[in-house]
Amino acid sequence: MPKFAANLSMMFTELPFLDRFAAAADAGFSAVEYLFPYEHPPEAIGERLQRHGLTQALFNMPPGDWAAGERGMAALPDRFDDVRKGVDLALVYAEATGVRRIHLMAGLADSSNAAAQEAYYRSVSHAAERLGGRNIDLLLEPINARNMPGYFLGDFDKTAEIIAGVGASNVRLQFDIYHRQIIHGDVVMGLRKFASITGHVQVASVPSRHEPDGEELSYPYIFNLLEELRYEGFIGCEYNPRGHTRDGLGWFERYRRS
């Protein structure tokens, strides 16, 4: 049976962030993820997880100045000190939440630029080593240019090459099916091709990025495929509900925690 994580940055936004943990548990989710935890004390988040019996599936390292348009720092040649500080801060939250997978955002940079490539490999290698010491996987995620123009990492095959090039056993692919469909299509063959290096999967309908219940993709088929491929991680629900979050969970009813 697939295991789903509610993305609290996008779901249950009718409520304040810390109240979304209870809402996710009440809706039948066994795990949660979100973009960033850093506006709240790590102890407060850890307490909500424990209180509601939830697993922390994933969060991102600090992205830089998000409000100013930064989308990560790993590929920015002059930001390695900030990357290191971000890794240290993420590990504080990892200690409080028990998370076993953390995503490192690459940032807005030209993927063909040699300095950006060097900076990215340096950042990934550093983060992998630090996280590996805590038995945590480092995730790399290709993101489509329609949602995030100029993002450094926008190709699944290139991401797989980087993972192989870094050579650390805890560096894994974050396979967002929504991004895959927009970038390359061929979702099923992509899942088969990259199953061995996939550490986390995320879902949303395409093209609207709403509930995974229609439009271009057959998610019941994809969920069955993930079981066939023996994917054992969580499936992150990184989508924007069409309306009130609970009203759009009909697709999830068969998978909910009783």
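# Close-up views of a predicted model

**View 1. Overall form of the chain.** The accessible surface of the chain comes to about 11100 Å². Carbon and sulfur atoms make up 47% of that surface. The model is predicted. The secondary structure comprises eight helices and eight strands. Along the principal axes, the C-alpha atoms fill a box of roughly 50 × 40 × 35 Å. A compact globule of 258 residues would have a radius of gyration near 18 Å, and the 17 Å of this chain agrees with that. Buried residues make up 54% of the 258. Among contacts with a separation of 6 or more, 76% link residues 24 or more positions apart.

**View 2. Charges across the chain.** The chain carries 26 positive and 34 negative charges. The mean position of the positive charges lies 4 Å from that of the negative charges.

**View 3. Helix α4 and its cover.** Helix α4 runs over residues 114–132. Its 19 residues, at 1.5 Å a residue, should span 27 Å. The buried residues of α4 are A116, A119, Y120, S123, V124, H126, A127, A128 and L131. The cover over these buried residues includes two helices, α3 (80–97) and α5 (156–166). It also includes the strands β4 (101–103), β5 (137–140) and β6 (171–176).

**View 4. The cis peptide bond between V206 and P207.** V206 and P207 are joined by a cis peptide bond. Omega there is about 15°. P207 sits in the loop between β7 (198–203) and α8 (219–228).

View 5. R209 is placed in the loop between β7 and α8. E215 is found in that loop between β7 and α8 as well. R209 is not a glycine, yet its phi is positive, at about 60°. E215 is not a glycine either, and its phi is about 65°. Their accessibilities fall in separate classes. R209 has a relative accessible area of 13%, under the 20% limit, and therefore counts as buried. E215 has 42%, between the 20% and 50% limits, and therefore counts as partly exposed.

**View 6. P212 and its contacts.** P212 also belongs to the loop between β7 and α8. Its relative accessibility is 3%, so P212 counts as buried. Which residues does P212 contact, leaving aside its neighbours within four places in sequence? They are V203, S205, Y219, Y239 and W251. E238 lies 26 residues from P212 along the chain. The C-alpha atoms of P212 and E238 are separated by 9.6 Å.

**View 7. T198 in strand β7.** T198 is placed in strand β7. Its relative accessibility is 7%, so T198 counts as buried. Neighbours within four places in sequence are set aside here. T198 then contacts R172, L173, F175 and Y231. Strand β6 covers residues 171–176, and the partners R172, L173 and F175 carry numbers in that range.

**View 8. T55 in strand β3.** T55 is found in strand β3, which covers residues 55–60. Is T55 buried or partly exposed? At 36% relative accessibility, T55 counts as partly exposed. Leaving aside neighbours within four places in sequence, T55 is in contact with S30, A31, V32, L49 and F234.

**View 9. G64 between β3 and α3.** G64 is placed in the loop between β3 and α3. With a relative accessible area of 31%, G64 is partly exposed. G64 touches E70, M73 and R79, not counting residues up to four places away in sequence. G86 is 22 residues from G64 in sequence. In space, G64 and G86 are 8.6 Å apart, C-alpha to C-alpha.

Methods:
Residues numbered from 1 in each chain as written. Predicted model: local features only at pLDDT ≥ 70, side-chain atom pairs only at ≥ 80, totals over all residues. Heavy atoms only, no water. Helix = DSSP H or I, 4+ residues; strand = E, 2+ residues; numbered from the N terminus. Rg over C-alpha atoms; globule rule 2.2 N^0.38 Å. Buried < 20%, exposed > 50% of the residue type's maximum accessible area, 1.4 Å probe, protein only. Contact = heavy atoms within 4.5 Å. Areas by Shrake-Rupley, 256 points an atom, 1.4 Å probe, with all protein chains shown as cover. Lys, Arg positive; Asp, Glu negative; His and termini not counted. Charge placed at Lys NZ, Arg CZ, Asp CG, Glu CD. Expected span 1.5 Å × (residues − 1).
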